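Student: I would like to learn how to read the features of a protein model. Please take me through them in order.

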Amino acid sequence: MSRWKRDDKNKMKYDDPNFNPKVSPKSGSAYTIWPIVHTELMEYGLKSIDAKSVIARQKKGAVLLDVREEPQFNLVHAEGSINVPLFGPVQGDSMFDNMKRLATAAFAMKATARNPLFEAQVKEKIPRNKQVIVMCAQGGTLETIIKRTSGVASQGRVKVKEYADPDRAFGRESRSLKACYEVIQAGYKDVVHVEGGFAQWKFDGFPIEERY
């Protein structure tokens, strides 16, 4: 049975030479599976930054790219951000597409799939020489180590314990991290990720634009 393997440098190797890292779903465009994305982003050295750092970089010309779905973005978004959704409404008319629409409609939801035009739309909106800061709803993380703090800071008795979480063998995937991978693959050289996503941005009280 094929399995993921890691070496001491947190890299991953697959023991099947015929393995295809791409998944071709019945709806939407093909995409690379998350363990491969995680490994590539780690090798790239992707950095996650907080909202304060985002604003400072925006002032220097960086582009804040929100990859949430278009209705979410239109309702409310970080000030100065642009939208290229990684996922969008199912566009096909196959039996599977129609079944997916019916199934999600039963839960008052809309069927979505990977946006097949994501790369083209990014290239249309963002010059290749710009730094791209990618944001989604929650952020996700590449970190595989969990930190727990105990003790009383005022008494100088704080202890930090680190341990490997088996549920985070490849971090915690998110749309923004997957979008970072796609943007890098599209040829952008300077890509960073927003820690905590839009939820954290809004919670911390940073500037937003919303539809009233």
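Tutor: A note on the source comes before the features. This is a predicted model, in which local features need pLDDT of at least 70 and side-chain atom pairs count only at pLDDT 80 or more, while totals for chains, interfaces and linings use all residues. Residues are numbered from 1 along each chain as its sequence is written, and side-chain values use heavy atoms, with hydrogens and water left out.

Student: How many salt bridges does a search of the whole structure find?

Tutor: A salt bridge is a side-chain nitrogen of Lys or Arg within 4 Å of a carboxyl oxygen of Asp or Glu. The search of the whole structure gives five salt bridges. One of them joins the side chains of Arg114 and Glu182, at 3.7 Å from N to O. This pair links distant parts of the chain, 68 residues apart: Arg114 is in strand 10 (residues 112-114) and Glu182 in helix 6 (residues 175-185). Helices (H or I, at least four residues) and strands (E, at least two) are DSSP runs, numbered from the N terminus.

Student: Are Arg114 and Glu182 buried or exposed?

Tutor: Buried means under 20% relative accessible area, exposed means over 50%, and partly exposed is in between (1.4 Å probe, protein chains only). Arg114 and Glu182 are both buried. Strand 10 also holds Thr112, which is buried at a relative accessible area of 18%.

Student: Which residue forms a salt bridge with Lys123?

Tutor: The partner of Lys123 is Glu119, and their closest N and O atoms are 2.9 Å apart. About one helical turn separates Lys123 and Glu119, because they are four residues apart in helix 5 (residues 118-125). Lys123 is partly exposed, with a relative accessible area of 36%, and Glu119 is partly exposed at 39%. Another salt bridge pairs Glu173 with Lys178, with closest N and O atoms 2.9 Å apart. Glu173 is partly exposed, at 43% relative accessible area.

Student: At what angle do the axes of helix 1 and helix 6 cross?

Tutor: Axes are lines fitted to C-alpha atoms, for helices over the stretch in contact, and angles run from 0 to 180 degrees between N-to-C directions. The axes of helix 1 (residues 34-44) and helix 6 come within 10 Å and cross at roughly 65°. The contact (heavy atoms within 4.5 Å) is made by Trp34, Val37, Glu40, Leu41 and Tyr44 of helix 1 and by Leu177, Lys178, Cys180, Tyr181 and Ile184 of helix 6.

Student: Which residues of helix 1 are buried?

Tutor: The buried residues of helix 1 are Trp34, Pro35, Ile36, Val37, His38, Thr39 and Leu41. After helix 1 comes Gly45, with a positive phi near 85°.

Student: Where is Leu64, and which residues does Leu64 touch?

Tutor: Leu64 is in strand 6 (residues 63-66). Leu64 is buried, with a relative accessible area of 0%. Not counting residues up to four places away in sequence, Leu64 touches Val54, Gln58, Ala78, Ser81, Ile82, Ile133, Met135, Val194 and Trp201. From C-alpha to C-alpha, Leu64 and Val194 are 9.1 Å apart in space, and they are 130 residues apart in sequence.
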